[in-house]
Amino acid sequence: MQVGDGGWSLMGFVYLHSKTRCNMKFTEMIRRNDFLDGASLCLILGLPLLMVGVSMYHVVNIPLLDDYGFVLSFLNDYVAADTLGSKLQVLFSSSSNYLFVTFRVWVLIDVWLFGAVDFTHIVFVNNMVHLGIIYLFYLIWKKHEISLPYFLPVVLILAVPNFMTHTWPSYLSHVLAVFFTTATIYFCSKSTRYLPLTALAALLAILSSPVGILAFMAVLPFIGLKSRHTAIWIGFFLFTIVLYLVIIWPPGQELTDTTHSQRPLSVYAMNFVVFFGALFKPIYQDMHVWAGIFGLGICSIFLWMVAVQHRKGKVHAMVLAGFIFSFLLALLITLMRSRYGLGATTSYRYRLYQSLPLIFIYIALAIHYRRILGQYLWVICLLGMVFLGFRYVYNIERMQERNWQLNAGLHNLQVTGDPSQLSYRAPVAGVDILKAAATAGVYSFHEVQTAISVTKNRGRMAQLQPMHYVLDKVEDAPEYYRISGWAWLNHTETQNHQIYVVVAVKGERYYYRAGPLLNSNYLMKKSTGGFMGIIDKRKLSYDWVAARLGIAIGSPSSRIIAETMMP
């Protein structure tokens, strides 16, 4: 059968049409990949910058907890030292049997640059080091030639402003330890030619926090157990440990006793497991059962993955390094904190540490199961975005609350001379530290502008909600008025709301923001619905005698939703 010109034309048309459709599909695939790469790039760059912005918005130049000792007491001792040798001795002195040398160097740099320490500067450096950690993980990602969209879940885990890790100045020591440990793993993964840089990073890690000790062990999979570099590395590690112990435990000096009480082994075992699941605490709150479930799941995945790859004889060195580091990290935190009881390893101060096992698990999946991971990447990213939202909401609320409490505590001290609301475990000693720092010129707490807002005729809801209040103390002194108690809405907690002291005079209303009421300086526990408001009478622009007082509750957006005047 002959094919005529029409037949050839029809076949040509089908051929060209199919080719065009293939080209269109290929073009759509390229465009779709370009879109995914572009969207991933925007999120990978934007989320860390948003993290820094949110953190810096909520930070204040007021010390918190360990800042009194780690920063102010250290500076007082450093300034008092009159020789170079004595200053170096202060710099390398141990605190609770640990060294925080790199953190102290940053504090000294801040004083050298600005004349006095500013805690907002330290928090800024903290956030910059967080960005450095994300960049180091990106370099590890790039080294294994994994495409950019796969890196987004790592950013979703790390780029969250935490109210402890991102706005607490003293936490910089832990962030530096993670940064230098990650740098140690990265340099060693490149080649043994980078062993000097690896050794420097490991040394800086151990001078930042006890966690830095783990950097020496995490890189063993890259060095190998039979190479000549192994002997050099182990020798360097032993020398560093001996030097570390000599510094923190000089001859004739006993180690500081930090034990609180002996705990049964079951507490240590449970704390080890819940450490891995603590990252999900914004979802399950303080229900440690869920922390144990999540923790068992993460541990099981990690162990299963390493076991499967070991049977195949191809466990990647990066996966093994992440496995060693994660489990040793959990063990170290468990041994250090379990004396405080069950759940101590779920503290938000360890949130960066708790993120690392999940990141190394994801890196292992991307290395060994990239094709399967790619099929479910959009699900992982979607869940990551939802989890990101939970963490953002929780942490921003805690940041606002801490900001108010720090300001209220210092404002209470400045106006009334009462240190009871300072965010320090020993408030009377905290005042002495503040005064010594002011005398030494290393911190000017009298010049701190406390953000105790006074708003005239604040916006109110058209329909105010019913509320209740109970007063604890009322003090009407010649120079100030102080009131404390509890206020709450009907059938609603006021944890995420702001409480105000209202002054009504001559048809005007003045709203003084109150701070959360501390009922324990040791653990910084805040009384639910508790408040303390202070009015400095020396700065009034109205007649105090003619004023009427009341209590108001504002929404998280500061709009008044409930208000009542006192008899």
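**View A. Ser355 is part of helix H16.** Here and below, helices (DSSP runs of H or I with at least four residues) and strands (runs of E with at least two) are numbered from the N terminus. This is a predicted model, in which local features need pLDDT of at least 70 and side-chain atom pairs count only at pLDDT 80 or more, while totals for chains, interfaces and linings use all residues. Residues are numbered from 1 along each chain as its sequence is written, and side-chain values use heavy atoms, with hydrogens and water left out. Ser355 counts as buried because its relative accessibility is 3%; buried means under 20% relative accessible area, exposed means over 50%, and partly exposed lies in between (1.4 Å probe, protein chains only). Which residues does Ser355 touch, not counting those up to four places away in sequence? They are Ile157, Leu158, Leu279 and Arg391, where contact means heavy atoms within 4.5 Å.

**View B. Helix H7 (residues 172-190) packs with helix H16 (residues 351-368).** Two packed helices are described by the angle between their axes and the distance between the axes. For this pair the angle is about 25 degrees and the axes are 11 Å apart, which means that H7 is roughly parallel to H16. Axes are lines fitted to C-alpha atoms, for helices over the stretch in contact, and angles run from 0 to 180 degrees between N-to-C directions. Angles under 35 degrees count as roughly parallel, over 145 as roughly antiparallel, 65 to 115 as roughly perpendicular, and the rest as oblique. From H7 come His174, Val175, Val178 and Ile185, and these meet Leu352, Tyr353, Leu356 and Phe360 of H16. The residues of this contact divide into seven nonpolar, one polar and no charged. In this scheme, Ala, Val, Leu, Ile, Met, Phe, Trp, Tyr, Cys and Pro count as nonpolar, Asp, Glu, Lys and Arg as charged, and the others, Gly among them, as polar.

**View C. Helix H7 is largely enclosed by the rest of the structure, because 16 of its 19 residues are buried.** How far apart are the end C-alpha atoms of H7? They are 27 Å apart, which agrees with the 27 Å that its 19 residues should span at 1.5 Å a residue. The expected span of a helix is 1.5 Å times one less than its number of residues.

**View D. Phe137 is among the residues with the most contacts inside the largest nonpolar core.** A nonpolar core is a set of buried Ala, Val, Leu, Ile, Met, Phe, Trp, Tyr and Cys residues joined through side-chain atoms within 4.5 Å. This core has 131 residues, and Val71, Leu72, Leu75, Val117, Trp141 and Leu329 also belong to the group with the most contacts. Leaving aside neighbours within four places in sequence, Phe137 is in contact with Phe151, Val154, Leu158, Thr182, Leu356, Ile359, Phe360 and Ile363. Apart from this core lies another, of 23 residues, including Tyr481, Ile483, Tyr512 and Ile551.

**View E. Leu65 lies in the loop between helix H1 (5-57) and helix H2 (67-80).** Most residues other than glycine have a negative phi. Phi of Leu65, however, is near 50 degrees, a positive value in a residue other than glycine. Leu65 counts as buried, at 5% relative accessibility.

**View F. Gly441 is in the loop between helix H19 (427-440) and strand S1 (454-456).** Is Gly441 buried or partly exposed? With 34% relative accessibility, Gly441 counts as partly exposed. Beyond its neighbours within four places in sequence, Gly441 contacts Gly115 and Ala116. Gly441 and Leu75 are 366 residues apart in sequence, with 9.7 Å from C-alpha to C-alpha.

**View G. Thr334 belongs to helix H15 (residues 317-337).** Thr334 counts as buried, at 2% relative accessibility. Not counting residues up to four places away in sequence, Thr334 touches Tyr268, Asn271, Phe272 and Thr345.
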